[in-house]
Amino acid sequence: MSDRTEQVATSDIPRPTQNLRTRVVSYFPGLAVAVLIAISAQFLSEHYGAPATLMALLLGMSLNFLSESGARTVPGIHFASRAVLRFGVALLGARVSLEVLSDLSVSLLCLVTTALACTILFAIIVGKFAGMDWRLSLLTGGAVAICGASAAVALNAVLPPRQNSDRDLALTIVAITLLSTSAMVLYPVLASHLQFDAKESGVFIGGTIHDVAQVVGAGFAMSEETGQIATLVKIVRVSLLAPTIIAVSIMVTVLGAGAGQKPQKLGQVIPGFVLGFAFLAALKSMGFLPAAAGDVANDLSRWLLLTALGAVGLKTSLKEFASIRPSHVTLALLATAFLAAFIVVGLLWYRE
């Protein structure tokens, strides 16, 4: 949204001085709409195979009028797009286990991690030459390199505030989802054309496709072994989300990377939800998180993020997409191509 719209919408949000009951009543209408969007998105995903995150965004955008100033739903929508989102990101830590890193050879592990770092750096450099905000370039590069929509949501939560941040997040998720779906169809064909064996195909698919669901679909479509290796490599990429968001959080806070920000003390660097993410990831990695608790956290995280993305969609007007520069979509496409090329070259070199 524009700064003016954001200011107007913010004025409708209950202040901390109001009592808890008043705030809950104010939040309920907008939060209820976001929850209904999440349920609808999940229904469409389960019955028609549509990506749930994309459906939540699109359904929200179709009801954008509910976020207009003066609407009773505004406070709850704002709450869902901020607080609910951050809580959902914190619970993402329960999906991350660093023990999977030991199941890959050192050379392949280095290939995957180097590809991730280089893809993010590539996106930032290309974005700079294209005159794009570095925060948008980092958001796009991170989403491509790590795990699609989940990485975009997590990174957007730690990046400094900027104009139209919700619109940028929505567009990034739409672009990444479409690219990931296309890759699910094209990459198995490319792997066969390059004469990759099952292991190489698994590393290629798991190391390049953005979303977990598409990785599983493409991998097991080729063979059982390819599917298992692709899933493992994808989990490694997801595991790298934790150190990435912590590093970004430290960078933007200590260096004062946000507009008008001043460098802060180390104790003020990492937001609470990032610490929660790291704490759950550490528990999962050390085997201290019971499987039942991890399953509950995973399910709750998924529903919270769908609800938050529904709210992000509600705050995003279709008219705003007319002002988007083609360079944003082009950057996502170039970063995707760079990641695929990097992994292919690495595998060919590793073969020799």
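The model is a predicted one, in which local features need pLDDT of at least 70 and side-chain atom pairs count only at pLDDT 80 or more, while totals for chains, interfaces and linings use all residues. Residues are numbered from 1 along each chain as its sequence is written, and side-chain values use heavy atoms, with hydrogens and water left out.

Begin by selecting residues 134-145, which are helix α6, together with residues 149-158, which are helix α7; helices here are DSSP runs of H or I with at least four residues, numbered from the N terminus. The two helices pack at an angle of about 145°, with their axes 8 Å apart, where axes are lines fitted to C-alpha atoms over the stretch in contact and angles run from 0 to 180 degrees between N-to-C directions. To see the contact (heavy atoms within 4.5 Å), show Leu-138, Leu-139, Gly-142 and Ala-143 of α6 with Ala-151, Ala-152, Leu-155 and Asn-156 of α7.

Next, turn to the salt bridges, of which a search of the whole structure finds two; the term requires a side-chain nitrogen of Lys or Arg within 4 Å of a carboxyl oxygen of Asp or Glu. Select Arg-135 and Asp-133, whose side chains meet in a salt bridge at 2.6 Å, N to O. Arg-135 is buried, with a relative accessible area of 11%, whereas Asp-133, at 30%, is partly exposed (buried means under 20% relative accessible area, exposed over 50%, and partly exposed in between, with a 1.4 Å probe and protein chains only).

Then move to helix α14, residues 291-314, and pick out Arg-302 and Asp-299, which lie three residues apart, about one turn of the helix. These two side chains form a salt bridge, with the closest N and O atoms 3.7 Å apart. Both partners are partly exposed, Arg-302 at 30% relative accessibility and Asp-299 with a relative accessible area of 41%.

Now select Ser-327, which is in helix α15, residues 326-351. Leaving aside residues up to four places away in sequence, Ser-327 touches Ala-130 and Met-132; Ala-130 is 197 residues from Ser-327 in sequence, yet the two are 7.0 Å apart in space, C-alpha to C-alpha.

Finish at Gln-195, in the loop between α8 (165-193) and α9 (198-208). The phi angle of Gln-195 is near 60°, a positive value in a residue other than glycine, and Gln-195 is exposed, with a relative accessible area of 66%.
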